[in-house]
Amino acid sequence: MALQGPIPVTFAMVFPHGCYIVGEVEPVKDFDASSNGRFVQARDKQTAELVWQVAVMDGDPTLKPAQKTVAVKILAPVQPVPPQPMPGLPFTPVEFDGISVTPYVNAAGRLAYSIKVHDMHAPRQTAQPAKAGKEAA
């Protein structure tokens with residue numbers, strides 16, 4: 001099969017309604033290397049980059065509450081800094097670049113996805129379409 005390893009996807013494919021940070025960016029623990037109270041941060045198997053994690057809430061209004069929050073793993077040499085909060089919003093909107101997903105079967109026997117990204121930033125402003133007719137003048 002041609003597909004092996006992480007599958008590259010776009011932000012719009014994973015979060016078509018956007019997403020919001022609901023947790024802190026934290027290092028991911030390498031459970032095999034950590035022992036006796038000594039913390040060792042995980043490294044990505046393909047890139048050897050340090051792995052960080054942040055909880056985000058999917059903006060899709062059709063999701064059930066238990067499906068709304070997902071962990072996103074960020075591959076970066078230093079701890080990523082989230083975008084600045086936006087005034088008037090209870091959560092900070094965020095976008096990711098360099099996204100890949102890895103499917104797996106979770107403990108409940110259901111298909112799930114591990115999401116890895118290479119960059120985190122504030123949402124890009126999209127241009128509004130120009131108005132046509134008399135309103136454009």
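This report looks at two aspartates, Asp44 and Asp60, in a predicted model.

## The model and its confidence

Local features here need pLDDT of at least 70, side-chain atom pairs count only at pLDDT 80 or more, and totals for chains, interfaces and linings use all residues. Residues are numbered from 1 along each chain as its sequence is written, and side-chain values use heavy atoms, without hydrogens and water.

pLDDT is the predictor's confidence in each residue, from 0 to 100. Its mean over the protein chain is 90. In that chain, 91% of residues reach 70 or more. Residues 133-137 stay under 50. Where pLDDT is low, the predicted coordinates should not be read in detail.

## Asp44

Asp44 sits in the loop between β3 (26-27) and β4 (51-58). Strands are DSSP runs of E, at least two residues, and helices are runs of H or I, at least four, numbered from the N terminus. Asp44 is buried, at 6% relative accessible area. Buried means under 20% (1.4 Å probe, protein chains only).

What does its side chain reach? Another is the side chain of Lys116, a polar contact at 2.7 Å. A polar contact pairs N or O atoms within 3.5 Å; within protein, one must be able to donate a hydrogen and the other to accept it, and residues adjacent in sequence count only if both atoms are side-chain atoms.

## Asp60

Asp60 lies in the loop between β4 and α2 (65-68). Asp60 is buried but has no salt bridge. That term means a side-chain nitrogen of Lys or Arg within 4 Å of a carboxyl oxygen of Asp or Glu. The nearest side chain of opposite charge, Lys68, is 6.1 Å away. Lys and Arg count as positive, Asp and Glu as negative; His and the chain ends are not counted.

Terms used. Buried < 20%, exposed > 50% of the residue type's maximum accessible area, 1.4 Å probe, protein only. Contact = heavy atoms within 4.5 Å.
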